[in-house]
Amino acid sequence: MTPQQPPPSGFPVMKQRWNHLAFYHWDFDPSTISPLLPKGLHLDTFANRAWIGIVPFLMQRVRPILLPPLPWLSWFHELNVRTYVLDNYGNPGVWFFSLDCNQPLAVEIARRFFHLPYQHATMSSEIDASSVHYHSQRKNHPSPTSHYIYPKPKNPQPAQLHSLEHFLVERYTLFSADPQGNLYSGRVHHTPYQIEPFTSTDYSTTPFSLNNLPVPKSPPTSILTASPVNVSIFPLKRLP
């Protein structure tokens with residue numbers, strides 16, 4: 001089973017809850033994805049393959065540390081396109097190609113203070129007792145709306161150590177780059193994901209084309225749904 005990661009040193013700057021998560025992953029030839037990374041980051045591969053994920057979810061109770069969540073600011077949608085990387089010291093983490101979001105202030109804060117490629121989007125979801133119907137349309141872009149239908153987990157379990165699922169979801173470091181090309185790392189902390197695989201044909205690959213990534217022609221290699229986690233966000237640190 002997955003042991004819980006120890007929290008980073010220092011104090012978090014934000015608290016948030018990630019809910020109604022799904023992870024759609026495709027594998028690629030590493031030579032296709034490696035040139036898309038910034039200098040100082042290197043692909044982290046599993047079974048000699050690079051992996052790109054689309055992750056729709058809901059951000060809830062987002063707030064700076066010591067402040068309460070605000071109804072008009074702290075609940076919103078987010079859809080991430082990401083791959084898996086190592087820095088020059090071998091530390092594993094996530095590199096985001098994009099993060100679409102329907103909370104304009106959150107987009108601007110994340111761009112300015114976390115150097116993340118957030119994008120304004122119109123997003124919505126219909127959630128019932130068993131499933132999530134998720135929709136995302138990037139603003140000021142002619143692409144079609146992306147749709148995802150996925151179940152709520154019924155019997156989720158932590159990922160097994162050394163499994164593909166563990167490689168994909170148990171990530172506690174993000175990397176970002178400012179306009180000058182300086183790299184940063186930021187840590188998050190939460191209990192291990194409780195995940196459950198499922199099968200689906202109700203997904204969109206439009207986020208690949210939005211990021212000028214190769215659009216997969218085959219179904220996802222891995223699809224997971226996950227229970228919510230409460231997350232602590234720690235400050236960015238510039239990499240040497």
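The largest pocket in this predicted model holds about 650 Å³ of space. A pocket here is an open set of points on a 1 Å grid over the protein atoms alone, where a 1.4 Å probe fits, with protein on both sides within 12 Å along at least five of seven lines. The volume is the space filled by probe spheres set on the points, which are joined across faces, edges and corners. Local features need pLDDT of at least 70 and side-chain atom pairs count only at pLDDT 80 or more, while totals for chains, interfaces and linings use all residues. Residues are numbered from 1 along each chain as its sequence is written, and side-chain values use heavy atoms, with hydrogens and water left out.

The lining of the largest pocket (residues with an atom within 4 Å of a point) has 37 residues, and Q16, M59, E78, Y118 and I233 lie nearest the centre. Elements that each supply at least two of its residues include β1 (14–19), β2 (21–28), β5 (76–87) and α2 (104–114). Strand β4 gives the largest share, six residues. Helices (H or I, at least four residues) and strands (E, at least two) are DSSP runs, numbered from the N terminus. By class, this lining has 29 nonpolar, four polar and four charged residues; Ala, Val, Leu, Ile, Met, Phe, Trp, Tyr, Cys and Pro count as nonpolar, Asp, Glu, Lys and Arg as charged, and the others, Gly among them, as polar.

The second largest pocket holds about 240 Å³ of space. Its lining has 14 residues, with P8, S185, G186, R187 and K237 closest to the centre. Strands β11 and β12 (183–189) each give two or more residues to this lining, and β12 has the largest share, three. Five residues of this lining are nonpolar, six polar and three charged.
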